[in-house]
Amino acid sequence: MNIITNNNFNKVSCIYKIINLTNGKFYIGSAVKFKARCDKHLNELNKNRHHSPYLQYSWNKYGHSAFVFQIIEIVTDPTKEKLIEREQ
């Protein structure tokens, strides 16, 4: 699993995607704290308990090395409503 970003991402609020490099499919998400959200995704995926069954199936099938996290937009007003608005 790689994280693609040019920024210090520990406290970045953003819209991101998790990309399956094998088939090009992706998951879009938003986070107030990107690093913490990445860690949560990885923890859930590795424990086979992710909330997205499609992402979990793909993770199980292709393995962690087939995926990357990529920030697609940094959000300067990181309220939950603003993040969800930008994510949509």
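Rings of Phe, Tyr and Trp (for Trp, the six-membered ring) pair if their centres lie within 6.5 Å; planes under 30 degrees apart count as stacked, over 60 as edge-to-face, and the rest as tilted. The model is predicted, so local features need pLDDT of at least 70 and side-chain atom pairs count only at pLDDT 80 or more, while totals for chains, interfaces and linings use all residues. Residues are numbered from 1 along each chain as its sequence is written, and side-chain values use heavy atoms, with hydrogens and water left out.

Select Tyr16, Phe34 and Phe69: together they form one aromatic cluster.

The ring rule gives four aromatic pairs. One of them is Phe34 with Phe69, edge-to-face at 6.2 Å centre to centre and 80° between the planes. Phe34 lies in helix α1 (residues 34-46) and Phe69 in strand β4 (residues 67-74), so this pair ties together parts 35 residues apart in sequence. Helices (H or I, at least four residues) and strands (E, at least two) are DSSP runs, numbered from the N terminus. Phe34 is buried, at 0% relative accessible area; buried means under 20%, exposed over 50%, and partly exposed in between (1.4 Å probe, protein chains only).

Next, select Trp59 and Phe67, a tilted pair at 5.3 Å centre to centre with 40° between the planes. Both residues are buried.

Finally, show the largest nonpolar core, which has 16 residues. Such a core is a set of buried Ala, Val, Leu, Ile, Met, Phe, Trp, Tyr and Cys residues joined through side-chain atoms within 4.5 Å. Helix α1 gives the most to this core, with four residues.
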